[in-house]
Amino acid sequence: MAPIVDRRVTAHIQGDFVVFLIGMRINKLWKPHKWLPNLRAMPKMLKELEAAPAEYGFLGYTNLGLLSLVQYWRSFDHLEAYSRARDKQHWPAWLEFNRRMKNSRGDVGIWHETYLIRAGEYENIYSGMPVIGLGKAARLADISAGADAARGRLGVVADEAQRAPGEKRLNSPA
């Protein structure tokens, strides 16, 4: 089991980056010849990426369960270059998936979402957790004064004049 970080920390990445969510859905469990190759392909890709992360612009990943994960990339160009590289694990797996699914798209589903994150336009906190998510792909730092709440970690200052009478301050501790 991964060690627990016993304090409140936040993760920082220098510059822009990409968050890539990817997953698979088994729609017909009784057709393992359709979904098992996909299940076996992802670990090979992750192993390849982890072997030379700087070469690919790969920052890290966290499993979201057996069939989905979140990946962090330096840029969309890096993500796209890896996914289209004919000599890397992804391209032949993608071609094989499409060949297998040509007449049976309902047997197995795949999905992905790509988010381009601009520097400083994200926030996170980890407390009493093993290193997970962006924390695995970034530099961890203790929570500093003024960054106790999400608003502070984002650097967004509440406009006192816009608060209704009696409304709580938005940057109070969560």
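**View 1. Pairing of β2 with β5 in the predicted model.** In this predicted model, strand β2, residues 17-26, runs antiparallel to β5, and the two are joined over 10 bridges.

View 2

**View 3. The open sheet of β6, β1 and β7.** This sheet is built from 3 strands in the order β6-β1-β7, and the pairing is again antiparallel. Because β6 (126-130) and β7 (139-142) are at the edges with a single partner strand each, one side of each is left without a neighbour in the sheet. The twist from one strand to the next averages 65°.

**View 4. Pairing of β1 with β7.** Strand β1 covers residues 4-12 and pairs with β7 in the antiparallel sense over 4 bridges. Val-9 is placed opposite Asp-142 of β7.

**View 5. A nonpolar patch on the surface.** The patch consists of Trp-94, Leu-95 and Ile-110, which together have about 270 Å² of accessible area. Leu-95 belongs to helix α4, residues 90-101. The relative accessibility of Leu-95 is 45%, so this residue counts as partly exposed, a class that lies between buried (under 20%) and exposed (over 50%).

Conventions:
Residues numbered from 1 in each chain as written. Predicted model: local features only at pLDDT ≥ 70, side-chain atom pairs only at ≥ 80, totals over all residues. Heavy atoms only, no water. Pairing = 2+ DSSP bridges. Axes fitted to C-alpha atoms, helices over the stretch in contact; angles between N-to-C directions. Patch = residues over 30% accessible without salt bridge, like charges linked within 9 Å, V, L, I, M, F, W, Y side chains within 5 Å. Areas by Shrake-Rupley, 256 points an atom, 1.4 Å probe, with all protein chains shown as cover. Salt bridge = Lys/Arg side-chain N within 4 Å of Asp/Glu carboxyl O. Buried < 20%, exposed > 50% of the residue type's maximum accessible area, 1.4 Å probe, protein only.
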